[in-house]
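This report describes one chain of a predicted model. Its fold is taken up before its contacts with a neighbouring chain.

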Amino acid sequence: MQPITRAASLTLACGLGTILGLSMHSASIPRRTFLRGTGVALALPWLESLAPAQNAPRPAVPRRMVAIETNMGILPQFFFPATAGRNYALTPYLNILSRVRDKFTVFSGVSHPGVTGAHAAEKCFLTGTPHPERGGFRNGISLDQLAAESVGNHTRFPSLTLAMSGENNQTLSFTRSGAPIPAERSSNRLFQRLFVQGRQDEIAAVVEALRQQRSLLDFVADQSRRLNRTLSRADQLRLDQYLTSVRELEQRLAAMEQWEHRPRPRVTATAPQDIDDNREFVRKTRLMFDVVKLALETDSSRVISLFIDTTVIHNLTHHGNRPEVLADLRAKEEGQFEALDGFLRSLNDTQEAGQSLLDRTMVLYGTCMGSANSHANTNLPTLLAGGGFRHGQHLAFDQQNNYPLTNLFVSMLQRLGIETNEFSSGRGTMRGLEMV
Amino acid sequence: MSQPANIYPIAVAILTALACVVPARAQTPFFEKHCHACHDTSSKRGGLDLTALKLDASNAEQFAHLLKIHDRIESGEMPPKNKPRPTAEEKSSSLKTLHDVLVKAESAKLANDGRTRLRRLTRVEYENTMRDLFDMPGLLLQGELPADGSAHGFDNNSDALDISHVNLAKYLKAADHTLTMAIATQPKPPSVTKQRISLANPHGFVAHVLLHGDGVLLKNKQPDPEFPPAGEHMHIDQGAHERMGAFRNGSSVGLFRHEDESFHPYFIEFVTIYPGNYRIRTSLWSFQWDKGKVLLARGTEAARLSIVQLTGDGRGGGHPSTVLGYYDAPSLNEKVHDITTWLNKNEIVGFNAASLAPGANTRGKNRAMGFVGPGIACDYLDIEGPLHDVWPPRAHQILFGDLPLVEFKAKAGTPKRKLVRQEMGAGKNRPDPSLGLWTVHSDQPLIDADRLLGKFLPRAFRRPVTPEIRKQYVAKVEERLKAGECFELAMRWVYRAALLSPDFLYHIEPTEKIDDHALACRLSYFFWRTMPDEKLMHLAALGKLRDGVVLRGEVERLLADGKSQRFVEDFLGQWLKLRSIAATDPDRKLYPEFNMYLQDSTVAETRAYFRELLDKNLDASYLVKSDFALLNERLAVHYGIEGVSGSQIRRVSLPAGSPRGAFLTQASILRITANGTTTSPVPRGAFVLDRLLGQPPEPPPPNIPAIEPDVRGAKTIREQLAKHRDNPSCASCHAKIDPPGFALEAFDVIGGFRTRYRSIGAGDPAPRGKIDPFIGIQFKLGPKVDASGTLPDGREFLAINDYQNLIAADRERLLKNLAGQFAIYGAARNLTFSDRAPIATIVANTNKQGGGIRTLIHELTQSALFQTR
Amino acid sequence: MRILIMLGTICCLLVTPIASAQPIKHQITGLFMPERERDLREVCDKLADIKLVSINYKNAEATFDYVPAKLFPKQTPEQIVQKLDNLLRSASNSTFGVKPRCALPADKLTFVEIPAGGLDCKACCLTAYEAIYKIDGVERATANFRDGKITAWIDSRKTDRPTLETALKNRGVTIGKR
């Protein structure tokens, strides 16, 4: 299938398949919030001005989320600082990020409660669903998909699910029913989807499908009004919620149709050339990071997940403390941190309404194994950069009795403006992490 | 006004006499006499000042307040035991006054709000309805829908069922998915694949572990001479073995290894391409392996078959999984199991040697040749399907009748249609070559549309549909045809619209005394969680459903049908909270004998037991005490009951004195009411009070500061709670909550009986008991369990059996609660104050006929409570 | 009458092209233990247009009857060997093949015998065999864990025993006295 057709149907699929809007899952979301969503559905994209702007409310500067997992662990001895707080000494890996030291927070003593199973845990990094190694395991919704439900409708792509991997079909993103969302593995194809215009007939097909949906909703709304007339007053009040939902869905479909007509953002960069050799995972990661930055800059999406697969060095990660293997592994991991540093600094150097793009973008970077050598899934090396938090510290939690990483996810959701106090096993925001 | 002094006492006497005769004004004297001493402005015991009480229940808070007062007086709890009792007339007259005030306020509110309010289908109801509407029993839709809420314990209550554009978008997608599966676009059914697969299929996990000796190949129940068991050496290179056909010579696979995080036995050679019904057959047996010798097994083992969904392109594994069941593997005696099940695209069959202990050690120096232990052998898996007895399939015929299929030819002006190519799955089975795109053809489209919709809409909307409405749908078909679409797509448009309309998504119950069609729906959703079938609809159309005999007959028919299992699962899942069976994790060190086989068996036990109570019409005492249990071998071993062999659940008479059998002491309930590590009498007691006895305890009062009891010196949870109970403000509730919890302390987190607590660290060595010899025991025996207690009325009990006897005697209360639960579930609404009398009547009528649970259901369905909104 | 028949037969013989099936010897890979002879026969039964005449296990050779000009028209002898190799591989899950004849005369080859331990399993023997048979300089080899040894006829200018042992060890074969 042509990449553009896939983009078109992906938009449609994302629009209808990914839940657009506010989560029904959390009982703590008050009603006023989900009704308020109606006004947001027509919000204009941030970086493009559109003719009928007139009385449309000027939307706030958007916030974004990028969640990254590298699946074969990070050597803890070169990552975790010895002391907690603000004045910790930079460790070899963190030293690579020294230029953005005050823009990230490093965590220790955190993990997902109940998530075990060594490598099986890699699919639970953003979901926190326990016991992925057990028969009958069913994953839950991932952090990025939950965020996309709320903020996804502002952008052409509600979310981007990416992977830097070879053969394996890993992904960080899972739907409500636990189904994995296939990841885009080619940075070239991603570029095409984001910035290369679709063919006229493909756009026409998507628009036609959207129009049919809307006309269907129109008909259904008529039927509801007919039914409404036969109901008691109490029942009419109840059915009103249905009518409201029909209207809201129509508006969302209308917005999606508008996206189809809008030309894609123009960028001066050229499409990257994919690298085939899986051993070059650092270079492949850099390519992905470049396109991700473009996606953020052009507000093509505000929710991105990236799975970095380093299975090629799996054998190295079982170093057994052999010095020469450790040295080799360290060199490779340092390469990964250099790529991350490049990404963070490029975001930091880009300005947006008086702040840096990094200040508006949360970047979560971590791994599912605290020690790949022993397959332990506790004490996960994790850091959070940017997004609008008070950074520059090492938040150390109990290494014997880990603090739930999902609490950090609650903080991240709240930072995006989503009113919730729970996510998966998380029951509140992360202690010690303040929003600014 | 001056009165002669000697008239005053007479006046008082007259007034008092009047007070007895005129109840409406007797209220204040009752409170003055019996309540004001403690509940006045100065003392305000319990925060209650009755001197300021107004008999006005017009808002919810006041209503709840008056209700509480009413109930406390009724139960005799107030005035407290040590105060003078009110006379019977005093009590009944004050209760009547309160009753009238409450009923009046409630009627006014209900006239406005309605009792059963308009509600949409729950997720379960939606999926079942779609499955039955299209006759596609395995259609998977629930997982994609947002979770429903819960109100009054159940999800089918209007308050629990909000709707948003999220739901609608999902319903759109679900309708599309269903229509795509239902509509045939090929002239012939897919050819039936018949495949025989070995558990050691190529590139599979099992073939890999066979090299290491976690299993062996067997021929004629002896080690396969062409594949020696791994010993000092292991086999090298899985690929070479596959190329040499080592796993393809018809040998059976004997496994010693239970599934774990690195090992998932799948029958991966068949990956479903065409959704439909499939016949599966497997042959299983068990054996004892002794360093190369195949001997008689320790007993019948059990294997688990499940349906596993492969991801995306079919390569990655294992999400999500449905258990097909557990199947016996008798000792050295193969048993053939036949199963028919629906498979969706990309699903495969998974396997697990479920009754073996996880982590059995076959990786010693001599691998399999050094291993002594049990194994489960699988001779083959035969799979055949998809099975279509008609073509186009019934789902298609429901939409298009017997209109012919012709090859699709795009005419000028019609939108082109893309042929959906059947992709190759990851298995050895291959898709049929495509015969082009076929579509249903009509010579008189509008007439056919009218006819087809005339059949479909009433079924989908579960009631007759007026011609005006049908014409609106047909008009849309005409519109689509004029836009150039082919007949199939035009019809698809209106079918989708029908499935999205509120007529389909909502339970429509037009009048207060619901009409026959709504009654048919209430019955079918109560007992089958789905739309009414043809017979019910027919009876409703004839107006016969309200006839007592006919109605009774229908209830019997619905309960006897296999679909009533949905009622058992859905009702118990919520009433006894079985849905949260997996919410906690038993600690691996404390409860090493826990496994999924046990978990699945405990759920099956509860369901089978409920089914037995229904079928044998047993009375409510069986909720808490029984002389029989529904068990399989795994449960029997867990409960210490002898003489049960095999994986299937069956009725077993319990030895005298066994506390097992009833819900109260079933492992599922005991698990749900504990966390993974410890038990606590408080959640268990609260569960018994709330779910079984119908007396939910109050939450702790918010404005009383949390008292930090001194728990230093306390050793067991019981001792800690004793300190809590010493505080009178806590005691009033804990006197009720604790006793059942104490009695149930006799059972641990996974429902096993104990006389001593398990502990990690300090304690005496623990005997193995019936725990599998391969499971390492790290826990020790800690303090003794004290399961004695005192009921609020003063009666004492020493152990769980005594407690059971005491509350089993309270059949009335148990039956009344169950009646309430059935009513809430069946009528899809909360019970109001005015429902108390009808419920009491239903219970009384049931008791007159022996007090059985099936009788209760009949009494309920015959009552006005069930038949009105 | 008899003369006519004789003349007819002679004419037929003269008219029939002379390129009839001839027995051609080839070097076979995959004959790593005696039981493989029977396997080879089973595989060759599946081949159309080629008939297996005989097998010389000791020299890892087999003789076939076929018409090269018909089956492989316009192919050089080297190409024919390659095509036969492909044919045999596809028919045998790549466990049998054909390789070019050895350039060296037999008395110039060195015999190597390596004691090895493993399961008496044909596929394991195949694995051991495949560890070494493609090494440049290995002319032919056998592997049989029942006997506990791996043998090879090698060109000692191109390879040596330690190379074989390393290759075997890397494949997971246990070398040395049992």
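## Fold of chain C

In this predicted model, chain C contains six helices and eight strands. Along the sequence, these elements follow the order α-β-α-β-β-α-α-β-β-α-β-β-α-β.

Of the 178 residues in chain C, 45% are buried. Among contacts between residues at least 6 apart in the sequence of chain C, 66% link residues at least 24 apart.

## Extent of the interface with chain B

Contact between the two chains involves 20 residues of chain C and 15 residues of chain B. Together, chain C and chain B bury about 1300 Å², with 65% of that area on carbon and sulfur atoms. Within chain C, the residues that lose the most area to chain B are C:N93, C:L119 and C:A123, which together account for 36% of what that side buries.

## Polar and charged pairs

Two salt bridges are found across the interface of chain C and chain B. A salt bridge joins the side chains of B:R243 and C:E130, at 2.4 Å from N to O.

## Composition of the chain C side

Helix 5 of chain C, residues 122-132, gives the most to the side that touches chain B, contributing six residues. By class, that side of chain C comprises seven nonpolar, eight polar and five charged residues.

Technical notes: Residues numbered from 1 in each chain as written. Chains lettered and ligands numbered in written order. Predicted model: local features only at pLDDT ≥ 70, side-chain atom pairs only at ≥ 80, totals over all residues. Heavy atoms only, no water. Helix = DSSP H or I, 4+ residues; strand = E, 2+ residues; numbered from the N terminus. Buried < 20%, exposed > 50% of the residue type's maximum accessible area, 1.4 Å probe, protein only. Contact = heavy atoms within 4.5 Å. Buried area = accessible area lost by both parts, 1.4 Å probe. Salt bridge = Lys/Arg side-chain N within 4 Å of Asp/Glu carboxyl O. Nonpolar A, V, L, I, M, F, W, Y, C, P; charged D, E, K, R; others polar.
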